[in-house]
Amino acid sequence: MANAVHGVMEFFSTAAQPTVLIFVAVLLLSLWMLSLRNPRVKWPPGPVCFPVVGCLPQMMISGRRRQPTDLLPWYDTYGDIMHVKFGEQHMIMLGTYELIQEAFVKNADTVSARPTWIYFLRQIVGKDGAGVLFKSGKAWKELRRFTLSSLRDLGLGRKSLQERIQDEARYLVQNIENENGKAFSPRERIGKAVSNIISIVVFGTRYDYNDTPEMLPVLEEVLRLGEGPVLLTNLARFIMPMKKMIALVDKLYSLIRQEVEKHRQSFDPTDIRDFIDLFINVTQEEEDPEVYTEWNVFRIIVDLYLAGTDTTANTLRWSLVHMVNHPDAQKRVQQEIDQVIGQGRVAKMEDKARMPFTEATVLEVFRLSTVGHCQARVPLGGPHATSETTNLAGYTIPKGTIIVGDLYRVLHDKNNFEDPYKFKPERWLDGDGKVVKSDKMIAFSMGPRICLGKGLAEMESFIFFTTLLQNFTFKVPEGEKPPDGVEGLNTFTFTPYPYNVCAVRR
Ligand code: HEM
């Protein structure tokens, strides 16, 4: 032994520096190869993962311009269930409807947690999580039930949620009318209209499009800083501007706290105005004080803004992209509006059943422009995690593995939808012109974690979209290129490249 140590010392003292570096590199590589052959876990096939960074280099190659289609060829190489590593974090990607169903529905008991142990989330929500989006276990179920029933109760309130969305759609029309048919970017005003709906639900107020409520820029900054797959790795500790992020989140909490205090002062249990009132009510009834904490209500409010604004706004932004690119479809929607609604009133949900082509168009936007897809740049809402060892497709997946359902792949698989990259609302209609739903339409995910705001999102998408087309015909401005209908920017959710439209009064 002494001889061997002596030999190694001699080697290092006499070898040239490059030789030592090569030696160290080979040693590290061998250790890593050995770790890959770790007999304890037999992971599904997947791309080469490097030490420390995992598959991040391949996932980040084209940065913000990465397209959701970029990773699809990986499935051809490795199969429908794939193992990748985000830094040191193991992750399983599921690329078919059947696999996602096996994980999120059949194994819901063990695949419904969120990975709150990862550095970034631990910093923001604590290791036990909070709210709905980032809570797991029994408390998540209770808070989810409370939030869903709150949305339902508010929908039945003094002025129903539907009426508030109709009002907001009218404000949006007025705002667009001010452009007088000239080219404009619809981006920001759509964002403000949609975030007003969440403001109404949570705080009972809407804001004029010229006023920016203090919370919005803070939230936008949080979303911007939180983009990208690095977020899911422990490397976030070194790369993400965590101090800035935490300061922004603190700012959000203090703004929400001010609102909660204001509500407490004018609270009347016989006149519940919004989500905050419902929460004050439930805390007074002293139902499970460990679940109904102020910390959880703060988080739910942030969750509703995070999950409920960007998603719906981007769906509407995409729907205008498809309308200017497909004037025939736009005309067919307008014909249906004229027959069923006319010009004298605003659309309501009951109209949908009599407007199959419009319903099909909205479904096609949800499908083609999967805003909440989970792929190269896993959006925050997406990642599930195993709370126990779980068997998936014959593999034993250990506790603490991130599980991602690749909604984008399912919605763009030619076995599920013919010509998947074409905008074809007709695919949702049968020979009699009736809407045919498909199980494969999982833009809102499935299982007990399915989007909590699905009903609200469908109502907003239908009413905003129909009201816009009732009032305007949207066109590509003269001399400008038609907007891209497939590729876009992977921000927090999937958004179209910036574009302008002209809105011609009908
Ligand atoms: C077009 C619009 C929308 C789309 C495509 C969408 C899609 C999604 C998806 C894919 C998830 C992840 C589900 C999973 O983890 O398996 C999700 C979760 C969630 N969404 Fe939505 N969403 C939309 C609008 C909304 C709205 C308007 C709200 C607000 C009420 C909302 C609230 C939530 C919440 C709170 C969660 C987390 C649920 C949980 O973890 O239990 N979403 N959504």
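Methionine 93 sits in strand β2 of this predicted model. Methionine 93 counts as buried because 25 C-beta neighbours lie inside 10 Å, and the threshold for that class is 20 or more. The protein has 506 residues, 42% of which count as buried, and its secondary structure comes to 19 helices and 13 strands. Among contacts with a separation of 6 or more, 74% link residues 24 or more positions apart.

- Histidine 83 is 10 residues away from methionine 93 along the chain, and the two C-alpha atoms are separated by 6.4 Å.
- Strand β2 (residues 89-94) runs antiparallel to β1, and six bridges join the two.
- Within this pairing, phenylalanine 86 is opposite glutamine 89 in β2.
- An open sheet of four strands contains both, in the order β1-β2-β9-β6 and with mixed pairing.
- The edges of that sheet are β1 (81-86) and β6 (384-385); each has a single partner strand, so one side of each lacks a neighbour in the sheet.

**Strand β13 and its partners**

- Strand β13 (residues 501-505) is joined to strand β5 (residues 183-184) by two bridges, and the two run antiparallel.
- Phenylalanine 184 has valine 501 of β13 as its bridge partner.
- Strand β10 (residues 472-475) also pairs with β13 in the antiparallel sense, over four bridges.
- In β13, alanine 503 is the residue opposite phenylalanine 474.

**Surroundings of the ligand**

- The shell around the ligand has 24 residues, of which Ala307, Gly308, Ser445, Cys451 and Gly453 come nearest.
- Two or more residues of the shell come from each of α14 (294-308), α15 (310-325) and α19.
- The largest contribution is that of α14, with four residues.
- By type, the shell divides into 11 nonpolar, 10 polar and three charged residues.

**Cysteine 451**

- An unreviewed UniProt entry places the feature "binding site" at Cys451.
- Cysteine 451 lies in the loop between α18 (407-411) and α19 (454-471).
- Cysteine 451 counts as partly exposed because it has 18 C-beta neighbours inside 10 Å, which falls between the limits of 12 or fewer for exposed and 20 or more for buried.
- Phe444, Ser445 and Ala457 are touched by cysteine 451 when residues up to four places away in sequence are not counted.

**Residues with positive phi**

- Most residues other than glycine have a negative phi.
- Serine 445 is not a glycine, yet its phi is positive at about 70°.
- Serine 445 is found in the loop between α18 and α19, and with 18 C-beta neighbours inside 10 Å it counts as partly exposed.
- Serine 445 is also one of the residues that come nearest to the ligand, and it is among the contacts of cysteine 451.
- Asparagine 180, again not a glycine, has a positive phi of about 50°.
- Asparagine 180 belongs to the loop between α8 (161-177) and β5.
- Asparagine 180 counts as exposed because it has 11 C-beta neighbours inside 10 Å, and the limit for exposed is 12 or fewer.

**Nonpolar core**

- In soluble globular proteins, nonpolar side chains tend to be buried together.
- The largest nonpolar core here has 120 residues, and Leu94, Ile100 and Ile301 have the most contacts inside it.
- Isoleucine 301 touches Val202 and Ile256, leaving out residues up to four places away in sequence.

**Valine 333**

- Valine 333 is placed in helix α16 (residues 327-340).
- With 26 C-beta neighbours inside 10 Å, valine 333 counts as buried.
- Phe357, Thr358, Thr361 and Leu469 are in contact with valine 333, not counting residues up to four places away in sequence.
- Proline 356 is 23 residues from valine 333 in sequence, with 9.2 Å between their C-alpha atoms.

How values were computed:
Residues are numbered from 1 along each chain as its sequence is written. This is a predicted model: local features need pLDDT of at least 70, side-chain atom pairs count only at pLDDT 80 or more; totals for chains, interfaces and linings use all residues. Two residues are in contact if their C-beta atoms, placed from the backbone, lie within 7 Å. UniProt positions are given in the numbering used here, feature names are shortened, and annotations may be inferred rather than shown by experiment. A residue is near a molecule or strand if its C-beta atom, placed from the backbone, lies within 6 Å of it. Ala, Val, Leu, Ile, Met, Phe, Trp, Tyr, Cys and Pro count as nonpolar, Asp, Glu, Lys and Arg as charged, and the others, Gly among them, as polar. A nonpolar core is a set of buried Ala, Val, Leu, Ile, Met, Phe, Trp, Tyr and Cys residues joined through C-beta atoms within 7 Å. Two strands pair if DSSP finds at least two bridges between them.
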